[in-house]
Amino acid sequence: QVQLAESGGGDVQAGGSLRLSCVASGFTFATKAMGWYRQAPGKQREVVARIHAVGSKTYADSVMGRFIISRDNAKNTVYLQMNNLEPEDTAVYYCNGAYDTWGWGQGTRVTVSS
């Protein structure tokens, strides 16, 4: 059974930083492309960043240059370093497969105040 546990969210002022973590289990993590997604109030869930099994990365235009996705296969964990946060980054953040998703976890809430 696939389990995804996100953590690291919180309240931060604009310009601040947060590091999100997602511990995964129930599948062969090292071979799976993973993604971070977010859902802002009243909006659809969107992909923020993807990291492939070989380590290549892609980002949404809105976070390019501010967010960094990484992974530690030994820990079955994917990270999202978020820098220079903006109020528009306020959302619940989720991790899941980069292209084929399982059920969604509870996510971790990020609130950025101006």
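Is R66 buried or exposed? R66 is buried, with a relative accessible area of 8%; buried means under 20%, exposed over 50% and partly exposed in between, with a 1.4 Å probe and protein chains only. This report concerns a predicted model, in which local features need pLDDT of at least 70 and side-chain atom pairs count only at pLDDT 80 or more, while totals for chains, interfaces and linings use all residues. Residues are numbered from 1 along each chain as its sequence is written, and side-chain values use heavy atoms, without hydrogens and water.

**Salt bridges**

A salt bridge is a side-chain nitrogen of Lys or Arg within 4 Å of a carboxyl oxygen of Asp or Glu. The whole structure contains four salt bridges, including those in the table.

| Pair | Closest N and O atoms |
|---|---|
| R38 and E46 | 2.7 Å |
| D89 and R38 | 2.9 Å |

Strands are DSSP runs (E, at least two residues), numbered from the N terminus. E86 is partly exposed, at 30% relative accessible area. Shared partners join R38, E46, R66, E86 and D89 into one network of salt bridges.

**Aromatic rings**

Rings of Phe, Tyr and Trp (its six-membered ring) pair if their centres lie within 6.5 Å; planes under 30 degrees apart count as stacked, over 60 as edge-to-face and the rest as tilted. Four aromatic pairs are found in the whole structure. F27 and F29 form a tilted pair, 6.2 Å centre to centre with 45° between the planes. Both F27 and F29 are buried. Y94 and W104 form an edge-to-face pair, at 5.7 Å and 75°. R45 lies over the face of W104, 3.9 Å from the ring centre; for such a placement, NZ of Lys or CZ of Arg is within 6 Å of the ring centre and within 35 degrees of the ring normal.

**Nonpolar core**

A nonpolar core is a set of buried Ala, Val, Leu, Ile, Met, Phe, Trp, Tyr and Cys residues joined through side-chain atoms within 4.5 Å. The largest one has 27 residues, of which W36, F67, V78, L80, M82 and Y93 touch the most other members. Strand 3 gives the most to this core, with four residues.
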